[in-house]
Amino acid sequence: MAFSPRAWLDERLDLAPVREFVEHKSVPIHRHSHWYYLGGMTLFLFVVQAMTGILLLLYYQPSEANAFESVRFIMTQVRFGWLIRSIHGWSGNLLIALAFAHMFSTFFLKSYRKPRELTWVSGMLLLFLMFAFGFSGYLLPWNTLSYFATMVGTNIAGAVPGLGPFALRFLRGGDAVTGATLTRFFGFHVAILPAVIGPVLLLHLLLIQRQGMSVPLSVEEECRAKGTAPPSIRFFPDFLLRELMGWYLALAVLAGLAALVPWELGVKADPFAPAPPGIQPEWYFLFMFQTLKYIPATIFGFDGEVLGILAFGVGGLMVLLVPFLDRAAAKGMRSKIVKRAGVIVVIYILTMTTVAYVANLAR
Amino acid sequence: MVWIVWIISVLGLSVSARAQQQGADTPQAAEPEKKDTCVVCHSNLGGQLAVPTKPFPTDVHAEKGLTCASCHGGDPTSMDPKVAMSPAKGFRGRPTREQVPEFCGRCHSDTAYMHRYSPTVQTDQVRQYYTSRHGELLREGNRQVATCINCHSVHDIKLVSDPASPVYPTNIPETCGQCHSNEEYMAGYTDLPGLTQVADYKKSVHYQALTAQGNLSAPTCVTCHSSHGATPPGVRSVADVCGTCHAQNLQFFQKSPHAAAFSDMGVPGCVQCHGNHAILPGNEAMLAGPDSVCMTCHAEGDAGAQRAEEMAAQIRRLDAAIQQAQATLSDADQAGMDVSVATAELTMANSHLIMSRTTIHSLDASQVDAEINQGIPIAEKALQEGRDKLAEVQSRRKGVALFSLLVLAIVFTLYLYIRLEDKSKRQVR
Amino acid sequence: MDEISRRRWLKSLLGGGVGASILSFLYPILSFVLPPPTQGSGSESQEVGQAEELKPNSGIVFQFGTQPALLIRTPEGELRAFSALCTHLGCTVSYEADSKVIWCPCHNGFYDLHGRNIGGPPPRPLPEFKVNLRDGKVVVSKGA
């Protein structure tokens with residue numbers, strides 16, 4: 001009998017359930033189903049980050065004395081180092097942009113409604129973990145921007161009442177941003193955060209496999225009226241092939257960005273030099289950063305900045321708990337308030353981010 | 001029984017506490033209480049008499065523990081002016097202008113005394129002062145001329161190293177300028193070459209270094225003219241003065257034909273071409289071209305003018321090569337390549353450029369050539385590295401373009417395949 | 001072209017394309033993974049040459065990363081290395097065998113053989129680097 005790897009494995013592992021799953025996993029197709037691609041694209045970029053990150057690990061040295069030089073070494077001496085590093089930088093930003101898009105699409109399509117509340121919560125946790133990845137990774141090249149952005153960011157964390165000072169010392173590995181901070185952030189970025197994000201990601205994906213894709217309320221109503229189910233295509237290979245198109249295009253975009261707009265090296269951080277004007281964090285933190293700038297110093301006797309941070313904290317918590325706050329969605333109905341709140345949040349984020357950029361340019 | 005012990009210990013503690021306090025009140029056993037009656041009376045009298053008392057606590061002399069009596073003599077413990085200010089008690093009073101140098105020199109020329117405060121401090125200021133024009137004029141009875149207190153101030157004297165001192169390097173031009181830029185004050189001194197020195201100096205590269213760059217080792221008035229022996233450098237010594245820092249220029253100059261020629265003509269060495277106060281950065285523009293300094297003496301086409309043209313041409317060649325390399329490296333930098341190593345190497349070429357401008361002073365074109373020929377290969381190497389980096393940028397872009405074409409081909413094929421599959425599935429259904 | 005052969009054609013084209021793309025990923029990744037010919041992370045340490053080539057009472061200026069550095073062998077035979085950037089205005093210093101000092105030609109600054117500024121305008125000593133020997137070659141490193 002001819003040797004078949006599939007048969008060999010099947011004998012030992014009983015692949016029947018796997019085969020069943022692969023053959024029957026399907027994706028509903030309707031006028032909103034293009035949004036489904038965002039999730040897979042986010043996952044793809046995350047894999048790109050992990051792989052380029054692992055490659056960079058082979059040369060990066062996480063100490064104050066060597067970090068900057070090791071990154072310069074990667075950019076100038078290592079073959080294709082420029083490509084791997086620039087892709088890591090660009091893909092990180094694209095990943096967070098897509099994660100936002102994926103989140104807002106599932107928000108407006110109300111995919112978070114019952115029974116998919118946990119999927120939403122785990123997804124929000126994934127987004128926060130990605131912010132943590134972004135923030136910790138930003139320090140690693142140890143250039144002027146990294147250093148001062150980290151200082152500003154950890155100062156904001158330190159301003160939270162109660163936990164603040166502890167959080168600041170925990171993050172910085174001391175009282176100031178030093179080589180100890182770099183080592184600590186490196187530990188977060190390559191070990192602790194991956195270890196934490198792994199199970200959360202697994203949960204998120206498992207829930208989706210178990211529950212299938214959510215169909216938007218409008219489509220559901222139409223189908224109910226017609227008495228049919230929405231048409232669907234098989235995931236393997238049909239949907240996957242379509243996703244593959246997107247992934248290839250994303251790779252081309254990343255390579256193009258790496259060649260045309262390489263990730264800059266900057267100037268090695270000098271803790272004793274004064275902060276250059278216009279230090280701001282990465283773009284995904286900008287809307288919060290800019291908001292904090294506009295809050296008056298004191299509001300009703302309380303520290304304005306602290307109130308702002310707390311407000312964002314409460315806001316984040318509300319977004320995390322949206323499936324439980326949106327009672328209407330649980331019942332299968334649309335809530336105008338929730339939708340409007342979402343629109344306002346999107347407009348606010350876009351506006352504040354733009355304002356932050358323009359204000360910085362003006363300086 | 002216990003209460004006896006208790007009472008004894010309380011008494012014992014209070015006695016020892018009292019003894020400690022007494023000890024604190026009398027630091028040095030049997031010394032009389034230190035009360036400076038000079039300050040007490042003069043500050044109460046107000047007006048002109050009180051003027052020295054206010055700033056004196058900030059004076060470096062006060063910080064070292066000296067008092068009014070240390071300089072002016074007298075008895076600072078007595079409230080009776082006849083005793084406090086009696087010559088029997090050593091009272092010297094206010095010195096006249098002529099007496100000022102000796103007044104300060106009583107301590108400042110006493111080596112043994114001054115070395116108690118600072119083992120390496122100079123103690124020849126007064127002797128130097130009398131070698132200076134200021135000192136000479138003072139001895140002749142001139143009351144306008146500067147004495148110690150005009151530059152160092154009085155009663156609020158600070159160390160030279162204190163930025164608040166009028167003789168701190170950055171304050172020196174203003175301090176000298178108080179008189180030497182003042183037309184009214186200096187009217188009548190006919191042997192001065194004008195009063196523009198401070199204004200000229202402020203246009204100079206040395207002043208820029210001192211103020212804009214904060215370089216405290218940049219020369220000020222006292223660096224060339226001396227602080228206490230303030231005298232203009234003579235013709236022969238000018239080159240020596242500049243040569244303390246610009247040693248290479250001096251060496252080249254002294255071996256050049258100009259040294260003897262200038263000396264014969266009674267022309268001051270460096271000053272003849274560079275000026276004395278308004279010294280501007282020197283470069284080959286001073287050799288040939290509209291701003292040529294050589295042409296003040298040399299005629300068109302003579303040996304000197306030709307040499308100047310040759311040297312200028314060579315230096316401009318190196319300068320251009322460096323600029324070109326710089327521009328290319330800058331382009332590569334803009335395109336995202338790291339040019340730090342090449343840029344650092346280019347600074348070596350820049351060192352040769354600076355050296356070649358120094359070598360001009362030898363008037364020997366072959367020496368200038370030697371420097372140029374060392375600098376040019378370095379600049380060319382940096383230029384090549386810049387070009388290589390730009391080529392690398394192009395090849396990266398080409399590689400990525402090819403990859404993008406591959407991706408587009410794959411995506412297109414996928415599209416066709418998907419469409420085919422969909423069509424066949426629809427047919428099946 | 002009938003459907004089946006068209007499908008087979010597209011499938012093989014796709015397979016070829018995907019295969020080519022996989023090669024286009026593998027080539028850079030494998031090249032990346034192989035260490036480049038130049039040494040370690042550049043600025044930490046650098047080989048300067050054979051130890052015996054540097055005679056006593058001489059010095060050479062070499063490029064150490066992005067800055068010039070000076071390696072000297074003292075008259076007693078000891079090897080020392082310093083940053084060659086003069087602490088006054090950044091000119092490149094050199095070793096003067098006649099006077100056994102480190103000298104800066106720009107404004108006549110002097111340093112002793114321990115890098116201490118002993119004359120002229122330089123305000124600070126020259127930073128010193130570590131010198132080690134490895135297989136007869138001199139290795140200069142910044143060291144902590």
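**View 1. Domain division of chain C in the predicted model.** Chain C comprises domain 1 (1–34) and domain 2 (45–141), with bounds from an automatic or database domain assignment. The centres of domain 1 of chain C and domain 2 of chain C, taken over C-alpha atoms, are 57 Å apart. The structure is a predicted model, in which local features need pLDDT of at least 70 and side-chain atom pairs count only at pLDDT 80 or more, whereas totals for chains, interfaces and linings use all residues. Residues are numbered from 1 along each chain as its sequence is written, while chains are lettered from A and ligands numbered from 1 in the order in which they are written.

**View 2. Secondary structure and extent of chain C.** Chain C contains one helix and ten strands (DSSP runs numbered from the N terminus: helices are H or I of at least four residues, strands E of at least two). Their order from the N terminus is α-β-β-β-β-β-β-β-β-β-β. Chain C is more spread out than a compact globule, because its radius of gyration is 27 Å, well over the 15 Å that the globule rule gives for 144 residues (radius taken over C-alpha atoms; rule, 2.2 Å times the number of residues to the power 0.38). The C-alpha trace of chain C spans about 95 × 35 × 25 Å along its principal axes.

**View 3. The side of chain C that touches chain B.** Contacts link 26 residues of chain C with 24 residues of chain B (contact: C-beta atoms, placed from the backbone, within 7 Å). Helix 1 (3–33) and strand 3 (67–73) of chain C are the elements that give two or more residues to this side. Helix 1 of chain C supplies the largest share, twelve residues. By class, this side of chain C has eleven nonpolar, eleven polar and four charged residues (nonpolar: Ala, Val, Leu, Ile, Met, Phe, Trp, Tyr, Cys and Pro; charged: Asp, Glu, Lys and Arg; polar: the others, Gly among them).

**View 4. Packing of helix 7 against helix 8 in chain A.** The axes of helix 7 (residues 144–158) and helix 8 (residues 164–172) of chain A come within 7 Å and cross at roughly 150° (axes: lines fitted to C-alpha atoms over the stretch in contact; angles: 0 to 180 degrees between N-to-C directions). Helix 7 and helix 8 of chain A are therefore roughly antiparallel, the term for angles over 145 degrees. Thr154(A), Ala157(A) and Gly158(A) of helix 7 meet residues of helix 8 including Pro165(A), Leu168(A) and Arg172(A).

Methods
Contact = placed C-beta atoms within 7 Å. Parallel < 35°, antiparallel > 145°, perpendicular 65-115°, else oblique.
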